[in-house]
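Q: Could we go through the salt bridges of this model together?
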Protein chains: 2
Amino acid sequence: MHRQLPTVVSRFEQAYGRAPVVLVDMDEVLCRWEEHFVATHRRLFPHLLIADAGQRESFDLFAGLTLEEQHATAKVLDEPSFFANMLPVKGALEAVQEMLTVGIDVALCTSPWLSNPTCASDKLRWVDRYLGPAMAEATVITRDKTRVRGDVLIDDKPSVTGRAQPEWDLVRFTYHYNRHLPGPRIDGWSNWQPVLGEILEIRTQRAQASPDELPSLS
Amino acid sequence: MHRQLPTVVSRFEQAYGRAPVVLVDMDEVLCRWEEHFVATHRRLFPHLLIADAGQRESFDLFAGLTLEEQHATAKVLDEPSFFANMLPVKGALEAVQEMLTVGIDVALCTSPWLSNPTCASDKLRWVDRYLGPAMAEATVITRDKTRVRGDVLIDDKPSVTGRAQPEWDLVRFTYHYNRHLPGPRIDGWSNWQPVLGEILEIRTQRAQASPDELPSLS
């Protein structure tokens, strides 16, 4: 069942009458978030020790911190322009481009840090800078990703929940804090093609098995 | 078929197993956008004539302008903090609160002006200020509203299109530039209850008629 991605996409399109929709998270999936967080933390609070990026056991940034460390973490997250100044994750921009090339409808789907005064605007600026204006047009900023339509969500968050049952299948982008969880995952944009292909193929087969019971995005 | 809204909502919940989702646009529906635009335009470009708010025939802000006027309009739209400083539309905040009270899942759904450097963040700030942090959590910022799940979208835009076939029914919030179009509409938050009730009731009856063919949000 290991088909090439263009074949998978075209089979999906035949089954659903539309392109597959892949939602891609930003922080830590497209943007080197924690690296930037650690560097900013060390710059603003040089007297506080903080571990190098990539070793965090908990997705919760405040877990196990002293009060002073909690205050510092909050200050870093609220720093103006923080979310505009991250570098891209290796291979991420190329992967988005490759998805578009095979006919996937790619949308970015990202949660703003609400207390940061420039976060949401910085995210759009980042997308415009690194992926261009067309992807800024395809960016959805929301605290609740279950509100967004899609077939797949690629995210590093261990569990993505919200008001609705999600329509998409979650594919975890591997980080230290999600590495023990079961389910499909992508490791550093190395193996995204077969993983994505398999999930889309399963959704195609589900549509073929019971065409009337499926939500149609178009 | 004129049921009270709480009855309509509870019938909807029974049919779908979830609350109805109503998406509410911001500019000109919750926020007095054009009034603020005209005032800012007159402040920044006092030598240029601009009509009072409420008389625009075209949704397109640049239609029929001279080059100098186009330049001025672009400058106003890109003015930092422009989108944070609008007043609420009369009755809008109360209407959102009443929807929440009867059990509707209300989400705000708004398109950012991408070239304004603070627009997206200002929109979240506006929501936090006038509707509180829970509604900021329920705000979706996207250029393409067809990507968002919902039963109804309340919007002043004459035609709301995007990459997908929308899942929601469009209810127009009446303004000069959309007043000739057919379809359900709300006039200044006066008659929203019966209009919304009727659409939700139709969706309930559709679910009861063919439960298998409907997209399920939860």
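This is a predicted model: local features need pLDDT of at least 70, side-chain atom pairs count only at pLDDT 80 or more; totals for chains, interfaces and linings use all residues.

Q: Which residue meets Asp25(A) in a salt bridge?
A: The partner is Lys145(A), with an N to O distance of 3.0 Å between the side chains. Asp25(A) sits in the loop between strand S1 (21–24) and helix H2 (33–44) of chain A, and Lys145(A) in the loop between strand S3 (139–142) and strand S4 (152–155), so the pair ties together parts that are 120 residues apart in sequence.

Q: Are Asp25(A) and Lys145(A) buried or exposed?
A: Both Asp25(A) and Lys145(A) are buried.

Q: Turning to Glu137(B), which residue is its salt-bridge partner?
A: Glu137(B) pairs with Arg143(A), and the closest N and O atoms are 3.1 Å apart. This pair crosses between chains, from helix H6 (residues 133–137) of chain B to the loop between S3 and S4 of chain A.

Q: And what is the relative accessible area of Glu137(B)?
A: Glu137(B) has a relative accessible area of 36% and is partly exposed. Arg143(A), at 32%, is also partly exposed.

Q: Where in chain B are Arg203(B) and Asp169(B)?
A: Arg203(B) is in helix H7 (residues 192–209) and Asp169(B) in strand S5 (residues 169–173), 34 residues apart. They form a salt bridge whose closest N and O atoms are 2.9 Å apart.

Q: Is Arg203(B) buried or exposed?
A: Arg203(B) counts as buried because its relative accessibility is 6%, under the 20% limit. Asp169(B) is partly exposed, at 25%.

Conventions. Residues are numbered from 1 along each chain as its sequence is written. Chains are lettered from A and ligands numbered from 1 in the order in which they are written. Side-chain values use heavy atoms; hydrogens and water are left out. A salt bridge is a side-chain nitrogen of Lys or Arg within 4 Å of a carboxyl oxygen of Asp or Glu. Helices (H or I, at least four residues) and strands (E, at least two) are DSSP runs, numbered from the N terminus. Buried means under 20% relative accessible area, exposed over 50%, partly exposed in between (1.4 Å probe, protein chains only).
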